[in-house]
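Please keep the sequence and the structure in view while reading.

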Amino acid sequence: SVSIPHTANYLAWRRSTFWTVLIVYGAFYFCRENISVAMPLIQKAFAWTNEDTGIIITISTLAYALGKLVSGPLVDRIGGKRMFLASLFLSAIFSASFGLGASMPFFIFAWSLNRFALSGGWNGLIRVVSRWYAPGEVGTACGLISVNYQIGNVVSLFAVGALVSLGFGWRELFFIPAVWLVLFGFVATQT
């Protein structure tokens with residue numbers, strides 16, 4: 001295979017894209033892990049058991065799996081950046097809407113929509129990365145970028161946990177992380 005030299009401008013955009021998707025995909029976890037921190041507060045507010053909240057998690061996990069199947073072909077149609085950003089902004093909307101809930105059916109519906117939306121983020125990211133790296137480099141780039149979910153998970157749990165420490169209620173644990181995710185989304189639109 002012949003290696004084509006890249007211009008300095010191309011390499012700068014590639015680095016910018018790498019760091020943007022690494023950081024912004026990690027921010028998706030603000031609207032994924034917030035439920036882990038909020039669940040004990042929700043259980044107390046509604047006198048729910050672990051089994052009750054387990055229903056929300058189980059059904060939304062099925063929605064996430066279905067979303068993976070749908071978002072794969074969809075990203076081939078609309079492109080990686082559009083899928084990545086649509087997933088991000090829809091997740092923020094559905095996470096915030098969860099905070100408006102007052103019944104089990106609504107919570108199941110809102111969180112399932114959120115998980116369905118979240119499922120397209122990684123597929124969009126992979127498509128974006130595959131456009132900036134040669135076939136022999138994509139695996140390495142994606143391997144490095146994949147640390148974002150571990151970092152995003154930890155940062156999200158600490159950040160949302162800090163909101164609890166500051167006295168915020170369970171509803172705000174869905175509103176505030178949604179705002180954070182939108183802010184990261186606006187950063188992503190600039191690359």
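## Basis of the description

The axis of a helix is a line fitted to its C-alpha atoms over the stretch in contact, and the angle between two axes runs from 0 to 180 degrees between their N-to-C directions. The model discussed here is a predicted one.

## Helices H5 and H6

Helix H5 covers residues 104-132, and helix H6 covers residues 135-145. The two pack at an angle of about 135°, and their axes lie 10 Å apart. That angle makes H5 oblique to H6. The crossing of this pair is right-handed.

Which residues make the contact between H5 and H6? On the side of H5 they are Trp-122, Leu-125, Ile-126, Val-129 and Ser-130, while H6 contributes Val-138, Ala-141, Cys-142 and Ile-145. Sorted by class, the residues of this contact comprise 8 nonpolar and 1 polar, with no charged residue.

## The loop between H5 and H6

Tyr-133 is placed in the loop between H5 and H6. Is Tyr-133 buried or exposed? Its relative accessibility is 16%, and residues under 20% count as buried, so Tyr-133 is classed as buried. When neighbours within four places in sequence are set aside, Tyr-133 is in contact with Tyr-10, Arg-14, Phe-18, Val-138 and Ala-141. Two of these partners, Val-138 and Ala-141, also belong to the H6 side of the contact between H5 and H6. Between the C-alpha atoms of Tyr-133 and Gly-185 there are 23 Å, and the two residues are 52 residues apart along the chain.

Ala-134 is found in the loop between H5 and H6 as well. Ala-134 has a relative accessibility of 36% and therefore counts as partly exposed. Ala-134 and Ala-8 are 126 residues apart along the chain, and 16 Å separate their C-alpha atoms.

## Helices H1 and H8

Helix H1 (residues 8-27) packs against helix H8 (residues 172-188) at an angle of about 160°, with 9 Å between the axes. Angles over 145 degrees count as roughly antiparallel, and H1 and H8 are therefore described in that way. The crossing of H1 and H8 is left-handed. In their contact, Thr-20, Ile-23, Val-24 and Ala-27 of H1 meet Leu-181, Phe-184 and Ala-188 of H8. By class, this contact holds 6 nonpolar residues, 1 polar residue and no charged residues.

Thr-17 is another residue found in helix H1. With a relative accessible area of 8%, Thr-17 is buried. Apart from residues up to four places away in sequence, Thr-17 touches Val-128 and Trp-132.

## Helices H4 and H5

Helix H4 comprises residues 80-98, and its axis comes within 7 Å of the axis of H5. The two axes cross at roughly 160°, which makes H4 roughly antiparallel to H5. H4 passes H5 in a left-handed crossing. The residues of this contact divide into 14 nonpolar, 9 polar and 2 charged.

Leu-100 is located in the loop between H4 and H5. The relative accessible area of Leu-100 is 61%, so this residue counts as exposed. Beyond residues up to four places away in sequence, Leu-100 touches Phe-106, Arg-171 and Phe-175.

## Ser-60 in helix H3

Ser-60 lies in helix H3, which covers residues 50-78. Its relative accessible area is 0%, so Ser-60 is buried. What does the side chain of Ser-60 reach? The backbone oxygen of Ile-57 is at 3.1 Å from that side chain. Ser-60 also touches Trp-111, Ser-112 and Arg-115, not counting residues up to four places away in sequence.

## Ala-47 between H2 and H3

Ala-47 is found in the loop between helix H2 (34-46) and H3. Although Ala-47 is not a glycine, its phi is positive, at about 55°. Ala-47 has a relative accessible area of 66% and is therefore exposed.

Technical notes:
Residues numbered from 1 in each chain as written. Predicted model: local features only at pLDDT ≥ 70, side-chain atom pairs only at ≥ 80, totals over all residues. Heavy atoms only, no water. Helix = DSSP H or I, 4+ residues; strand = E, 2+ residues; numbered from the N terminus. Parallel < 35°, antiparallel > 145°, perpendicular 65-115°, else oblique. Left-handed = near helix turned anticlockwise from the far one by under 90°. Contact = heavy atoms within 4.5 Å. Nonpolar A, V, L, I, M, F, W, Y, C, P; charged D, E, K, R; others polar. Buried < 20%, exposed > 50% of the residue type's maximum accessible area, 1.4 Å probe, protein only. Polar contact = N/O pair within 3.5 Å; in protein donor to acceptor, adjacent residues only side chain to side chain.
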